[in-house]
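Subject: Structure handover

Hello,

Here is the structure for your files. Please open it alongside these notes, which go through the findings part by part.

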Amino acid sequence: MPKPLVIVESPAKARTIAGFLGGDFVVESSVGHIRDLPRSSKEIPKAYKGEEWAQRTGGVDYTSDFKPIYIIPPEKRDQVKKLKALLADADELYLATDEDREGESIAWHLIEVLSPQVPIRRMVFHEITDRAIREAIENWRDLDRRLVDAQEARRILDRLVGWEVSPILWRMVRQGLSAGRVQSVATRLIVARERERMAFHSAAYFDLQGAFEAHGVGFSADLVEVDGRRVATGRDFDPDTGALKEGADVVLLGESDASGLSEGLEHCAFTVAAVEAKDYRQSPVPPFITSTLQQEAARKLRFSAARAMAVAQRLYERGYITYMRTDSTALSEQAVAAARREVRARYGDEYLPSAPRVYAKKVKSAQEAHEAIRPAGEAFRHPDDVARDLDADEARLYELVWKRTIACQMADARGKRLSLRLDAEAPTGDAVVFAASGKTIEFPGFLRAYVEGSDDPDAELEDQERRLPSVEEGDGVACRGIEVAAHATQPPARYTEASLVKELEGRGIGRPSTYASVLDRIQSVGYVFKKGTALVPSWTGMAVTQLLERHFAEFVDYGFTARMEEDLDAMANGQIELAPWLREFYFGNGQVGLRQMVDGRLDAVSPREVCTIPIGEHDGEVVVVRVGRYGPYVQRGENDDQKASILDDLPPDELTVGQALEFIDQAKAGGRVLGADPESGLEVTVRTGRFGPYVQLGPVGDDVPKPKTASLFKGMEPDTLTLDEALALLSLPRVVGTTEAGDDITAQNGRFGPYLKAGSDTRSLDSEEQLFSITEADARHLLSQPKQSRRRGPAVLKELGAHPDSGSPVRVLAGRYGPYVTDGVVNASLPKGRTPEEVEIEEAVHLLREREARGPAKKRPAKKRTTGKKSAASKKPSGTTKKRKTAPS
């Protein structure tokens, strides 16, 4: 008997919904998008391969109202076949994809591909509960083509920008780079902050900090005035010069000034000159939207944006929280009632406001889902009650959502802020003023449940209670000690993922639902890397941003990118039509469009100019960093003998002129000389190359074009490396002993790590140190073990758990080009800057799904060559039309 077919995006979501609907419905997943634009020129259908527009844009026909060519990727064909077979036996089709624009677009693609001959129902819901699903079945609607158009416009727009601009980066900077409407602007923000740090000049200043006591209560106060003039603080200095800002009427204390002033103050009489007390009220923050969830997960749980969204996705699909891609802070009446019941039951009536709190939509263009992120259902399950059913990350994020939602319906926190000013006359005759501030919490209100995190540690301290004594003007206070405090101004802090998400949202750049993928992209492509939690631009990222700013300023302009988002919102509301809008963007309408911009400026770009980043000057010669085909290097002047390679992940603000000159001197001198090899008499040097530090035996010469080299072990530093350590590295491979068959057993350090070799037989070693420590007996034992029983493939660096879709174990493995995650079928490299220790199952699953969506890796043409023709073709200079085939989507 025919049954209704319900199609969702993911298997996990399908399992949850099927549990609610039972046997009356068939529930199946599309496993994401079932079709998309071609990923490369090879995937363009044969009928269009000869079209110039198809090769130039990767499948967007700008000659016919920007009609896109969609294909079904090979890996999706079996699932499409399965869906068609299920639809053939169905009497109705329910499209239950997510309620945002992307979900609407997936539903439209399903209709286009499956061509259903049965009634089509679009069902939407913001939480996966039994009641919500059944209400969605009953209250279905038609597909909203306006939302589809807005999503398709975004997809086509990003394709046009990527395929038009990226080839210029290949020609001018390096192959494999990409440009993107949002990713390039995000990178620019990070680069701009690094430039501020590079231009920053630190300033030193001093003040006094006193310890005081009154009525048995101790407290601290800082010197704020001397003879009626304010004491200088960090905000009084010019960050570009390190000097006081022009017109600053302040007292700048040096160390000797502060020390002289402090002498004798401990024995002076201090009097309370002023007391000011103010009542304060603090209201709770709104419930989570996508961007604030990412920010708080980063601050409180140390989750990356990708990890936070992956965990939230699982919680939503399993019915624990509402839809996690939303720009709205509104709560339904059902949710408000549930939150207020929890407040009354757990904290009492005094913590419950007389009327429910109502939160307006926070984001100007809020449009994704219609409710904030909150616990799902009519009654909020307490974190303790669901912890056993969730993994560690899920439990922590659910608790965060629960607390924030409960707190938003709680009473204000109330208290007092108190400030004191203390007067004294120093032995030098100077009138000094010390100031202290305090805070008391009289009623904690919502703070009992939740305190919002901050990117500023000083701001977090302000939330803490700080008690001052109860004093009146004219009261005396006892001084228990005066200390001189040294300070230095600090450069502006680098962005973290949390603060960058906040900045992007504040500027209206991109959609919060895409921030996780944007952050992943700028790190995986090598524009940005992490130093701790800070986002640091690479030299490649600096060069690419410089090129775009100078020659494509419109597309990295913050206002332009925000206006694009406003236009897409207007399109979703039916105020703008798709084709005319794309036509104006691409061809221009009384102004320069994307096509003319690319064609007209290509010859004007100087690769050397855009790939040069000035560092400073020395003896009248400019010192710069240049980004070359084989990586970044420093150069003094224009002489080729005055340059040296540097690492791409050397933070730009840490490279000084002196350090650059030191690199150049080391390169000219052949590196730091450690001594002579006792056997050959050749000089042993330690050098720094593109891939890190290494040691070299002897110089390069006509008779020895490739001297013997060896990379340093992970724990070794070039500055402290000794001659003995270098000789040990150069001694490899080491003969450990022999096998029973008489073959030499050697310990070697290879591209995949340390290993043993005996004849053609090999076994991996666990650490580099074993190269020198393993004995013949241990080596024989290791070689006697079957390879498969000891290790299957590369070394396992971390076990992450089961994949939520397949149940297969997910691991981090050591690969030839760095660590990667795998579920045994799909492999995905870790983003630059991520270590195996930092990766958790959610992030790994996100990387695997993203890699799977791109399709199988393409084999190198060289392996299939049978004639010399392909070899010649492969040597075409960069920038040719054929190079467009690998442009990003």
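Strands S26 and S27 pair in the antiparallel sense over six bridges. Strands here are DSSP E runs of at least two residues, helices are H or I runs of at least four, and both are numbered from the N terminus. Two strands count as paired if DSSP finds at least two bridges between them.

Before going on: this is a predicted model, in which local features need pLDDT of at least 70 and side-chain atom pairs count only at pLDDT 80 or more, while totals for chains, interfaces and linings use all residues. Residues are numbered from 1 along each chain as its sequence is written, and side-chain values use heavy atoms, with hydrogens and water left out.

Back to the sheet. In S27, Tyr-755 is the bridge partner of Gln-748. The sheet is open, with four strands in the order S25-S26-S27-S28 and antiparallel pairing. S25 (734-738) and S28 (761-764) are the edges; each has a single partner strand, so one side of each is left without a neighbour in the sheet. The twist from one strand to the next averages 25°. Angles are taken between N-to-C directions and run from 0 to 180 degrees; axes are lines fitted to C-alpha atoms, for helices over the stretch in contact.

The other pairings:

- S25 and S26 (residues 744-750) pair antiparallel over four bridges. Arg-734 has Ala-747 in S26 as its bridge partner.
- These two strands form a hairpin with five residues between them, and Gly-742 in the turn has a positive phi of about 95°.
- S27 (residues 753-758) and S28 also pair antiparallel, over four bridges. Leu-756 stands opposite Arg-763 in S28.

S21 (residues 672-676) and S22 are antiparallel, with four bridges. Ala-676 stands opposite Glu-683 in S22. Their hairpin has six residues between the strands, and Gly-681 takes a positive phi near 80°. On to S23 (residues 692-697): six bridges join S22 to it, again antiparallel. Thr-685 has Gln-696 in S23 as its bridge partner.

S22 (residues 683-689) is mostly covered, with five of its seven residues buried. Buried means under 20% relative accessible area, exposed means over 50%, and partly exposed lies in between (1.4 Å probe, protein chains only).

**The parallel sheet and its helices**

This open sheet has four strands in the order S2-S1-S5-S6, with parallel pairing. S2 (26-29) and S6 (120-122) are the edge strands, each pairing on one side only. Neighbouring strands are turned by 25° against each other on average, direction ignored. S1 (residues 3-8) and S2 run parallel and are joined by four bridges. Val-6 stands opposite Val-27 in S2.

Helix H1 (residues 11-21) packs on the sheet, touching S1 and S2, and its direction makes about 170° with that of S2. Helix H4 (residues 101-114) packs on the sheet too, touching S1, S5 (90-95) and S6; its direction makes about 170° with that of S6. Contact means heavy atoms within 4.5 Å.

How many of the 14 residues of H4 are buried? Twelve, which leaves this helix mostly covered. Among them are Arg-101, Glu-104, Trp-108 and His-109. The buried residues of H4 pack against S1, helix H3 (77-88), S5, S6, H6 and helix H18 (558-572). Just after H4, Ser-115 takes a positive phi of about 45°.

**A buried arginine**

Arg-325 is in the loop between helix H10 (305-317) and helix H11 (333-347). Why does Arg-325 count as buried? Because its relative accessibility is 16%. Its side chain makes a polar contact with the side chain of Asp-98 at 3.2 Å. A second polar contact, of 3.4 Å, joins the side chains of Arg-325 and Gln-313. A polar contact is a pair of N or O atoms within 3.5 Å; within protein, one must be able to donate a hydrogen and the other to accept it, and residues adjacent in sequence count only if both atoms are side-chain atoms.

**The nonpolar cores**

A nonpolar core is a set of buried Ala, Val, Leu, Ile, Met, Phe, Trp, Tyr and Cys residues joined through side-chain atoms within 4.5 Å. In the largest, of 150 residues, Leu-547 and Leu-655 touch the most other members. Helix H6 (residues 145-172) gives the most to this core, with 13 residues. Apart from it lies another core, of 30 residues, including Phe-212 and Leu-420.

Best wishes
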